[in-house]
Amino acid sequence: MTTHFATSTDGTQIAFTSVGDPALPPILLIHGWAQAGICWEALSERLSDRFHLIAMDLRGHGASGKPDDPAAYTDTALWGDDVAAVIAAASLDRPTLVGWSYGSRVIAAYLATHGSAHLAGVVLAGGILAIGAAREDWMVGPASPGLDRDLYTEDLNRRLHATARFVDACTAKPLPRALYGAMVGANMLCPPHVRRALFGADVDLRPAYAAMTCPGLVIHGTDDAVVAAATGAAAAAVMPQGRDLPYDGIGHAPFVEDPDRFAADLADFLTTSRGVQP
């Protein structure tokens, strides 16, 4: 696996990795708040024989550029341009976009600025539906990162402990030790100024999803403590061609907690949305 870089419209370098034959149907994986593309490894292992999987690091995360200006994280057009830059750099033809948690905000930005005509489909995993003042109380789980001020502090010790708590809260059942450590480490690559800016805008994502012309699939754990499970049902309902697929007993990271099921459901979705042979 090699790391590549795409240049967004403001000059920010967006890192991405890819696995699988580029001739296979492409899936662009977009991680969540304070994470990195490494979180998709288990899913990639299960699908790389049938699909071309590209995992990007959001601006401010992982190996991507980390601008100092808060406006670099509140401008919807920039988020959409980041996705477009990776699609162009990796030469993706009708990709399926898969977004986890905050990744839903990034996908909505792409839909709002670039449309959905060139997409095969959109899949949300524990996705959010609004940020800032646009977010409604019923969307928020008890472990939402917006409720723990220590996640944003410059105090490294407090931020590390808060990050460990947050990663622990992302799953209904404890993760294997090595995977848990990797996800905490990936979170710590996102500096506090970026974490603070990510929720700096007031954006309702529902209009972007309501205008989507491609098929949509929403997978949301019923035990999600970060983004309330009702958010998943609401996201599917607003999509003209949306399907709600709740995972009983699963938390905020369904592709990590039950990667076999998630891989199978994602492959089935592509079978119908893109006409891929099972």
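The protein has eleven helices and ten strands. Its radius of gyration is 17 Å, close to the 19 Å that the globule rule gives for 278 residues, so the chain is as compact as a globular protein of that length. Please bear in mind that this is a predicted model.

Begin with all C-alpha atoms displayed. Along the principal axes, they fill a box of roughly 50 × 40 × 35 Å. Of the contacts between residues at least 6 apart in sequence, 76% join residues at least 24 apart.

Next, show the surface. The protein exposes about 10800 Å², and 53% of that area is supplied by carbon and sulfur atoms. Then select the charged residues: the mean positions of the 19 positive and 30 negative charges lie 3 Å apart.

Now turn to the interior. Buried residues account for 56% of the 278 residues. Select residues 216-221, which form strand E9; six of its six residues are buried, so the strand is largely enclosed by the rest of the structure. Inspect each face of E9 in turn: Gly216, Val218 and His220 are buried on one side, and Leu217, Ile219 and Gly221 are buried on the other.

Technical notes. Residues are numbered from 1 along each chain as its sequence is written. This is a predicted model: local features need pLDDT of at least 70, side-chain atom pairs count only at pLDDT 80 or more; totals for chains, interfaces and linings use all residues. Side-chain values use heavy atoms; hydrogens and water are left out. Helices (H or I, at least four residues) and strands (E, at least two) are DSSP runs, numbered from the N terminus. The radius of gyration is taken over C-alpha atoms; the globule rule is 2.2 Å times the number of residues to the power 0.38. Buried means under 20% relative accessible area, exposed over 50%, partly exposed in between (1.4 Å probe, protein chains only). Contact means heavy atoms within 4.5 Å. Accessible areas come from the Shrake-Rupley method with a 1.4 Å probe; for residues, only the protein chains shown count as cover. Lys and Arg count as positive and Asp and Glu as negative; His and the chain ends are not counted. The place of a charge is taken as NZ of Lys, CZ of Arg, CG of Asp or CD of Glu.
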